[in-house]
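Colleague: I would like to go through the labels on this one. Show me the structure first.

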Amino acid sequence: MILKFIILSKLNLDPSQIAFVIFLFTCSYRALKVIIAPYLDRLAAEKGIVIGCLLAALGFLGFAFSQNYFLIILSLLIAGLGISINSISSKVFSIESFEKAVNKSEIFSIIITSVNIAGAIAQPLALNLLDRNFEKIILIS
């Protein structure tokens, strides 16, 4: 989240605009889950993951190249929707996979470890890229 603040501050937005954009983005990827969950029940988890990733990528790509306040908000709302769809769909996919798995503890530990390692690597890597003025690469990736 701090990276979005830093990048938004470079777009010459005032602090209240930055706070509003971050608020909307946070609400979109957290609260939209409740609204979209009934629709995702009718969709295969694999399709939901793909759709969620594509929407998140589209949103962050739009954010990376947006110079207009309205487009920044729209891009982050699309990214938030994609994150929400991906979050729910990946959890459903995991549950479905666990039901078929023989060694549930091993699979669960691999997933949790992978998520923790990705989280530990992502912030320092992004800050390193930001320090080298690669904001667009951070947002695109």
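Modeller: Start here: the backbone oxygen of G62 lies 2.5 Å from a polar atom of the side chain of S66. This is a predicted model, where local features need pLDDT of at least 70, side-chain atom pairs count only at pLDDT 80 or more, and totals for chains, interfaces and linings use all residues. Residues are numbered from 1 along each chain as its sequence is written, and side-chain values use heavy atoms, with hydrogens and water left out.

Colleague: What makes the pair of S66 and S75 side chains a polar contact?

Modeller: Their distance is 3.5 Å. A polar contact is a pair of N or O atoms within 3.5 Å; within protein, one must be able to donate a hydrogen and the other to accept it, and residues adjacent in sequence count only if both atoms are side-chain atoms. So the S66–S75 pair qualifies. The S75 side chain also reaches the backbone oxygen of L71, at 2.7 Å.

Colleague: Why is S66 called buried?

Modeller: Its relative accessible area is 5%. Buried means under 20%, exposed over 50%, partly exposed in between (1.4 Å probe, protein chains only). So S66 is buried.

Colleague: And S75, buried or exposed?

Modeller: Buried, because its relative accessible area is 8%.
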